[in-house]
Amino acid sequence: MKMLTKFESKSSRAKGIAFHPRRPWLLVSLHSSTIQLWDYRMGTLIDKFEDHDGPVRCVAFHPTQPIFVSAGDDYTVKVWSTQTRKCMFTLTGHLDYVRTCFFHHELPWIITASDDQTIRIWNWQNRKEIACLTGHNHYVMCAQFHPKQELIVSASLDQTVRVWDISNLIKKHSAAPSGSNQYGINNMGGAYGNSQYDNYNRNQPPPQDIFGNTDAVVKYVLEGHDKGVNWASFHPELPLIISGGDDRAVKLWRMSETRAWEVDSCRGHTNNVPCTLFHPTEDLIISVGEDKTIRTWDLNTRSPVKQFKRENDRFWMIVAHPTINLFAACHDSGVMVFKLDRERPASTINPQMQELFFINNDNQVQKYNFNSKNTSLPLISLKKIALPWNKIKNISYNPSENSMLIQSGDNDNGVYSYFNLPKETVGALEPSIRGEGKANDAYFIARNRFVTFLKSSSKLNIHDLNNNITKTINLDSDVKSITTATPGCILLLKSTSAVLFDVQQKKEIGTVQVNNAKYAIWSNDHSHLALLSKHNIVIVNQNFETVISMHETIRIKSAAWDDSGVLIYFTLNHIKYLLLNGDSGTIKTLENTMYVTKVTGTNCHVLNRNGEVECITIDPTEYRFKKALVNKNFKEVLRIIKNSNLVGENIIAYLKKSGYPEVALQFVQDPETRFDLAIECHNLNVALDEAKKINNKIIWEKLGKEALDQGNIEIVELVYQQLHLLDKLSFLYLATGDVNKLNKMTTIAENRQDYGSLFTNTVYLGDIERKIQTFIQAGLTPLAYATAKTNGLDDLAESILTQSGVTLDDVKLPQNFQNSNTEVLKPINRITNWPLSEAKLSFFEQALSGNMENLQLDETVEPESYHDVTEDNEFVVPDDEDIGEDDAWDLGEEELDVELDEEIDEIEDEADVTKLPKEIRSWVKNSKTAGAYIAAGKFDVAANMLSKQAGIKNFEPLKDRFMEVYTASKLSIATFDEDEINSNLPVYVSDPEKLNNGKLVGFVPGYDALEELVQEGYKLFKANQLENSINIFRKIIYIIATLSLNEDEEEEKCREILNICKEYIIGLQIELTRRALPPTEVKRNLELAAYFTHVQLQPAHRLNALQVAMTQSFKAKNYHYASYFAGEFLKIMSTGTRAEQAKKIQTKADSIATDAIAIDFDPYVDWEICAGDFVPLYQGEEIVREKILGVGYSKAWKGKICKVTEISEIGAVASGLRLKN
């Protein structure tokens, strides 16, 4: 038997605990007056309740209603709502501490036990006390209802256990209406005999106790404990009672109709027993003690089975989950949720016959056929050869011998057995043992031999079929277990890795880094292996190279490969899939936990926890569609589109993310979603149709913007009309030269009396007279007169003066006033939609339109069109041909340098330098760095050099640096001859000693400022301005990448500074990522804090990283890591306030030396951090790098832009950045 801990929380002393009957919730009442609500599956604290004054001793969920009850040392009983998370009401009446509280399984009752020596029953619906049971003469420590009968059991410090009959109380509070019997039949119309019998019963006095209580009477008083009794509970099915007391004994009692007696005692606890219970499904008794142990006992023999001990915590209570095999115990420092032994049925597959062998819950071997979906009768009974109270851990089948290996037990108690299976199924036969012995794992590795592994000695024994050991191999002590692999090989599972081991050659074939792998699942063709741990899946290929690694929040239970090479895995409550490119999704929700064994088509063959095989139907359409899309199997994609109903936000979002919005457009019916997809794939026709259906302002605005970007005048005009954007519509007509519509807009403005719009349209049309009339209508007569006079309309100006009653003498015009000869604004010639290249239908659009003839998949990517440097310096760098992979790998360093020189010469030949000044031409000839070409203004050539040398692909961040270098080396001087201006004269290096062997080179600024910038980055780091510090270090990288140096010392100094920039940017990005994590991501927070200490910072700065990691680890109870970080801190700083704190943490952590949370961090092995995912990259893993700083990434990042430099491509083929001429 093994305790498997599923959840553990840290808090002050926990006194009460309760499982929710359906949800993964756990109520915990604390001695500190707080009630906690936990999600034990996710390990998160959901809520706290703090209305009690003083310790809370007990809590209980209602079996069906969304309420729970609590009670404590404030003498009150409180009922809470799980929906509002508030106290609904408080029941008062007890005169002392309330020890326990429970709901009735059917009636609206609550039972409580108190130190006031009473047991009280409450009706939580009418909020009244309905009974007070007296009889105990000391504290009543526990009282609870029988799960099926009308009984109560109570335990008291008066050394007795009492059983109470509450049948009269139930009848009293659930009585039938007057005039009816207990069945609701009217007595006046019933049989006479029945009426006489009822009258007789009414005249009989009801049973009563010595105090005259007739509602609940003592049926039995159980005496046998030598001291006070702390707990008593009923068996769920049998007439048994279990009790535990301060005499350190656990006693078993049996009841009959007339009496109750003690059956036996279980002794072994060395201190008080505060709680005990029956196992809900097994013949086990479980008890907890103040001796810091949980003990299990055989119900039939009353002998101890197993004990589990904590070092420092006394246990106070234990409860069982009402429906599943889970237990929870509370102790001095919190609670723990666990189960006893594994529930996964052992199984193995015979691929030749498409059969599954498995062990049912009765320890019998059965066979299941995948094709017929039939389960055979039991073949063999293993009850006699399996260890008692231990599940069979694994089985292995040998088809050539029709024999089987089984293994059960853990650690030193592990055993294996080897036997033949019967040829015909006739029932559960007793096996004929061919061999047995000690082992923790046992598997067949060939038709004539098998291996066993004993963890205590780390020995791998190879046996023949007669169970003789033919060879022994000593394995590493860190091997935790073994499992099957390819023929002749086994898989060694370690704490941090998995190793494929060839048994015959005694050598390791492959190793993969994976933490705490528990199960290994090979694909059908053995091309891939999936390694499962609690929350992670790692898939490797045949060469044991990691293909994909993913993390799952919920526990992973099992996995199997389907026929198409997709991994189907089961969590506690979901069926999910994982593709080899990392895409994953949910297929189905599970009501109960299942263990998948094989996936064929739409069928998942699974084992449940009852040891039975089920076949679950799944829909594989989604993951097959994604797999076809990833593999560019577009014909399969088309088939799925036509034949499947593949819809949902998940698949639409996936297609958009993958760059296939036109495919998503084929699935969607919702107008808004279709509109968004049409805009994304620039399909204006579909977008227009959907916009008409939606008719929403925001939608029309989006459509207008997209149409304007594409130059579709007709749709833009329609959008402006729909939105009544008349001013924009007028400008559109002006820009397109549509005079007729401009006239119409003028007429519309006149009708609307919109003088502003009318004036604008008259300006666009150049209609002076209408403009003057607009001024007059708007009451702006002076402007009308001035406009008429300015444009030579003297007669019209005179008429305006006359109408206004003003003479010419009254008008004062500006001095030097003269008529304007400026031409009015006129529309250009009318244009239509902007000319665009004809859009080609995609493969899917052609196929769906029925054009299947000559339809081919064109996967080539058209090269982008690039432009030269424009006057406003918005430039795009052209891509030259990539360096050949063969050339790049075959040439040595000397050859590479020669090749680079040839490339530069070739670039110089291609560059048109004849138009440059003579001095600048000399710069280009005398320099071999990109900086000189930037200074000369040949941005395109410089960009090509940077691309080939350093893999730089994103030049936008370098734009300002290019202009800085270019302008710093130019000077404009006006000569004495006014007709001739010499501009952009070259500036030379001022120091003759810096000349390139006497040759003139251009001035490239930046080198002298590097040290100052590094110090500025350090200051920002110290000031905790991390993002600004990153920007400074990136600026340094951009400066160095475009320098042109002449001395070896200068180049060496720049390389050192680049390394500083790399380390600081990576470290600061890790810290910023950690700070952005939500509080629930405790494990990731600890890992990032640890990784921050791994980067190479200045000692003063590394102290900050170490202090963060030290404090975070200590808060999370990771004492081992906290001690390590404190030790590293003290190596740098041994005195001062911070050092004193580190010493205290180290001392406290060393005294505990445990880690509550396992993290992926090992400071004692060589590794580097992936700058993309911030995960360790260990030796042996494939690492791709960018070429400026040498930053390492996992291979999944190949082809992307580096997150550190933001300019260089990861994994690009490049010769190396050249800084020196």
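**Figure 1. Lys1131 is exposed, with a relative accessible area of 65%, and pairs up with Glu1128.** "Exposed" here means over 50% relative accessible area, "buried" under 20% and "partly exposed" in between, worked out with a 1.4 Å probe on protein chains only. This is a predicted model, so local features need pLDDT of at least 70 and side-chain atom pairs count only at pLDDT 80 or more, while totals for chains, interfaces and linings use all residues. Residues are numbered from 1 along each chain as its sequence is written, and side-chain values use heavy atoms, with hydrogens and water left out. Glu1128 counts as buried, at 13% relative accessibility. The two side chains meet in a salt bridge of 2.9 Å, N to O (a side-chain nitrogen of Lys or Arg within 4 Å of a carboxyl oxygen of Asp or Glu). Both residues belong to helix α29 (residues 1119-1132), where they are three residues apart, about one turn of the helix. Helices (DSSP runs of H or I, at least four residues) and strands (E, at least two) are numbered from the N terminus. An α-helix has 3.6 residues a turn, so residues three or four places apart point the same way.

**Figure 2. Glu401 and Arg434 join up through a salt bridge.** By the salt-bridge rule, the count comes to 41. In this one, N and O are 3.7 Å apart. Glu401 lies in the loop between β34 (392-398) and β35 (403-408) and Arg434 in strand β37 (residues 433-438), so the pair ties together parts that are 33 residues apart in sequence. Glu401 is partly exposed, with a relative accessible area of 33%, and Arg434 is partly exposed too, at 29%.

**Figure 3. Asp1048 forms a salt bridge with Lys1220.** The closest N and O atoms are 3.6 Å apart. This pair links distant parts of the chain, 172 residues apart: Asp1048 sits in helix α26 (residues 1048-1075) and Lys1220 in the segment after β62 (1192-1194). Asp1048 is partly exposed at 49% relative accessible area, and Lys1220 is partly exposed at 24%.

**Figure 4. Trp109 and Phe145 are an aromatic pair.** The structure holds 35 aromatic pairs. Rings of Phe, Tyr and Trp (its six-membered ring) pair if their centres lie within 6.5 Å; planes under 30 degrees apart count as stacked, over 60 as edge-to-face and the rest as tilted. The Trp109 and Phe145 pair is tilted, with 6.5 Å centre to centre and 40° between the planes. It links distant parts of the chain, 36 residues apart: Trp109 is in strand β11 (residues 109-114) and Phe145 in strand β14 (residues 140-145). Both residues are buried.

**Figure 5. Phe1125 and Phe1161 belong to a cluster of linked rings.** Ring pairs join Tyr1091, Tyr1121, Tyr1124, Phe1125, Phe1161 and Trp1167 into that cluster. Phe1125 is buried at 0% relative accessible area, and Phe1161 is buried at 6%.

**Figure 6. Two lysines sit over aromatic rings.** For this, NZ of Lys or CZ of Arg must be within 6 Å of the ring centre and within 35 degrees of the ring normal. Lys15 lies over the face of Trp316, at 3.7 Å from the ring centre. The charged end of Lys598 is over the ring of Phe370, 5.7 Å from its centre.

**Figure 7. Helix α7 (residues 671-680) has buried residues, and His682 comes just after the helix.** Which residues of helix α7 are buried? They are Arg674, Phe675, Leu677, Ala678 and Ile679. Just past α7, His682 takes a positive phi of about 60°.

**Figure 8. Arg1034 is a buried residue in helix α25 (residues 1026-1041).** Its relative accessible area is 9%. What does the side chain of Arg1034 make a polar contact with? The partner is the side chain of Glu1206, at 3.3 Å. A polar contact is a pair of N or O atoms within 3.5 Å; within protein, one must be able to donate a hydrogen and the other to accept it, and residues adjacent in sequence count only if both atoms are side-chain atoms. Leaving out residues up to four places away in sequence, Arg1034 touches Ile1065, Gln1069, Lys1203, Val1204, Thr1205 and Glu1206, where contact means heavy atoms within 4.5 Å.
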